[in-house]
Amino acid sequence: MDLKPSHASPIRSDPVPTNKSRLGIHSSLLACSQQDSPLSPGKFPKSNSKKNMGGLDDVRSNGWLDAMKASSPPRKKSIHKASSAQVASFDYDSEDYNLWMQGYPSALEAFEKIVDFGKDKKIAMFLDYDGTLSPIVEDPDCAFMSEPMRKTVRSVAKYFPTAIISGRSRDKVFDLVKLTELYYAGSHGMDIIGPVSDTVSINHPNCVKSTDHEGKETILFQPAREFLPMIDEVFKTLVEITKDIEGAKVENHKFCASVHYRNVEENNWTMIGQRVHDMLKNYPRLRSTHGRKVLEIRPVIDWNKGKAVEFLLESLGLTDRNDVLPIYIGDDKTDEDAFKVLRESNLGYGILVSSVGKESNAFYSLRDTNEVMKFLQLLVNWKTEEETKHGKK
Ligand SMILES: O=P(O)(O)OC[C@H]1O[C@H](O[C@H]2O[C@H](CO)[C@@H](O)[C@H](O)[C@H]2O)[C@H](O)[C@@H](O)[C@@H]1O
């Protein structure tokens with residue numbers, strides 16, 4: 001792990017207004033993005049053309065196994081499996097962590113700088129779910145959000161346009177968050193409910209007018225719609241090929257599927273990885289990316305959480321403006337696509353939630369979900385004070 005500070009200075013210059021035209025969702029969508037795939041060591045087309053080395057060698061030789069092992073910080077040895085909802089906690093080496101923090105300063109410590117930069121701007125909040133709003137737990141069905149966190153997110157949404165961008169299906173993440181004040185992008189951004197606006201064309205076949213949980217008119221954008229039957233089929237196959245592996249769990253997230261190995265004996269990780277890898281040989285239009293002790297099977301389309309952020313900003317009428325500050329908070333590799341969009345277009349701040357040092361495109365860091373909540377509360381308090389100061393209350 002390279003613990004060198006990765007940025008000369010975490011404090012950015014003013015964002016340059018992007019001169020991008022409206023989102024090119026019509027033309028480029030179905031092209032396989034090379035940029036989109038480095039997070040997947042097992043890039044499908046490559047491994048498919050490679051001679052099958054047989055047995056379990058694919059997964060060992062192509063880096064899958066290493067990626068699977070590295071996909072989540074190690075759990076403390078002292079933690080016993082008390083319940084399915086037990087929170088996994090992590091060891092971290094404080095010296096290394098402090099060194100890493102020089103490159104990714106705490107968003108709590110840098111709070112004044114962040115709001116100073118955002119004070120004349122419209123802040124838009126983008127939040128990942130697992131590991132960001134709810135702590136990582138053994139059982140994905142038990143990843144509940146605490147009431148104080150829910151209350152905090154509701155307050156955030158009162159002041160700033162706020163969206164949840166999750167790897168889970170949109171319905172599942174809504175069931176967990178239960179806040180109608182927000183916008184939701186499920187399946188890693190491949191299923192978006194956003195505001196109706198003039199700035200996003202709804203002529204695209206995958207973009208239609210819809211209504212949200214409260215009956216409010218919205219735009220529904222599902223760029224991977226044609227993959228629905230394929231994901232359904234793959235989900236069933238994944239359940240079948242993992243049913244004899246104790247602890248394995250498969251989730252259907254509508255436009256993608258997750259294969260969890262957090263509760264699988266480490267000796268069996270190669271086997272689970274190899275079976276998924278072998279199955280993907282029959283699906284050249286699908287690929288796998290690595291999340292936290294999970295393999296995510298998803299369509300090969302040029303769409304990710306970063307594109308979802310751009311789409312939502314556009315539908316909110318917040319692109320091509322220099323008075324907007326998007327902030328994205330996330331903990332996972334898939335969140336890196338969003339951090340990258342913000343960094344490369346000099347648009348806003350990515351904040352990585354991590355208790356261990358790792359390379360990231362984020363600008364700042366927060367250690368865990370408690371710190372996320374503190375940061376969001378600070379933001380709400382700051383905004384309330386600003387409004388009082390300017391007589392808006
Ligand atoms: O984009 P996210 O909202 O962060 O979703 C990513 C994956 O999150 C869930 O899995 C992760 O959280 C579980 C609950 O804490 C944990 O048990 C698992 O090991 C983590 O990988 C979700 O279950 C996946 O389907 C999402 O893709």
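Two strands count as paired if DSSP finds at least two bridges between them. Keep that in mind for the first stop, where in β12 the bridge partner of Ile327 is Tyr349. The model on screen is predicted.

**Whole chain**

Colour by confidence before anything else. Mean pLDDT for the protein chain is 82, and 79% of its residues reach 70 or more. The model scores are ipTM 0.99 and pTM 0.83.

Select residues 1-54. pLDDT stays under 50 over this stretch, for which the model has 113 contacts beyond four places in sequence. Then select residues 75-90. Here too pLDDT stays under 50, and the model has 31 contacts beyond four places in sequence for them.

Switch to cartoon. The protein chain has 12 helices and 13 strands. Buried residues make up 55% of its 393 residues. Take the contacts in the chain between residues at least 6 apart in sequence: 68% of them join residues at least 24 apart.

**The nine-stranded sheet**

Show the open sheet of nine strands. Read across it in the order β5-β6-β4-β3-β2-β1-β11-β12-β13; the pairing is mixed. Which strands stand at the edges? They are β5 (207-211) and β13 (364-366). Each has a single partner strand, so one side of each is left without a neighbour in the sheet.

Zoom in on β11 (residues 324-330) and β12 (residues 349-353). These strands pair in the parallel sense over four bridges. Pick Ile327 and find Tyr349, its bridge partner in β12. Next pick Gly330; its bridge partner in β12 is Leu352.

Stay on β12 and show side chains. Is the strand mostly covered or uncovered? It is mostly covered, with five of its five residues buried. Tyr349, Ile351 and Val353 point one way from the strand. Gly350 and Leu352 point the other way.

Lys121 has its charged end over the ring of Phe117, 4.2 Å from the ring centre. Arg343 lies over the face of Phe363, at 4.2 Å from the ring centre.

**Asp120**

Move to Asp120. This residue lies in the loop between α5 (111-118) and β1 (122-127). Is Asp120 buried or exposed? Its relative accessibility is 67%, so it counts as exposed. Draw a C-alpha to C-alpha line from Asp120 to Glu336. The two are 27 Å apart in space and 216 residues apart in sequence.

**Other ring pairs**

How many aromatic pairs does a search of the whole structure find? It finds 13. Two are worth a stop.

Select Phe174 and Tyr184. Their ring centres are 5.3 Å apart and their planes stand at 80 degrees, so the pair is edge-to-face. Phe174 lies in helix α7 (residues 170-177) and Tyr184 in strand β3 (residues 183-186), so the pair ties together parts that are 10 residues apart in sequence. Both Phe174 and Tyr184 are buried.

Go on to Tyr261 and Trp269. With centres 5.0 Å apart and planes at 70 degrees, their rings also form a pair that is edge-to-face. Tyr261 and Trp269 are buried.

**The four-stranded sheet**

Finish at the open sheet of four strands. Its order is β7-β8-β10-β9, with antiparallel pairing. Which are the edge strands? They are β7 (249-252) and β9 (286-291), and each pairs on one side only. From one strand to the next, the twist averages 20 degrees.

Select β8 (residues 257-260) and β10 (residues 294-299). These strands run antiparallel and are joined by four bridges. Pick Ser258; its bridge partner in β10 is Glu296.

Note on methods
Residues are numbered from 1 along each chain as its sequence is written. Side-chain values use heavy atoms; hydrogens and water are left out. Helices (H or I, at least four residues) and strands (E, at least two) are DSSP runs, numbered from the N terminus. Rings of Phe, Tyr and Trp (its six-membered ring) pair if their centres lie within 6.5 Å; planes under 30 degrees apart count as stacked, over 60 as edge-to-face and the rest as tilted. Buried means under 20% relative accessible area, exposed over 50%, partly exposed in between (1.4 Å probe, protein chains only). A charge sits over a ring if NZ of Lys or CZ of Arg is within 6 Å of the ring centre and within 35 degrees of the ring normal. pLDDT is the predictor's confidence in each residue, from 0 to 100. Contact means heavy atoms within 4.5 Å. Axes are lines fitted to C-alpha atoms, for helices over the stretch in contact, and angles run from 0 to 180 degrees between N-to-C directions.
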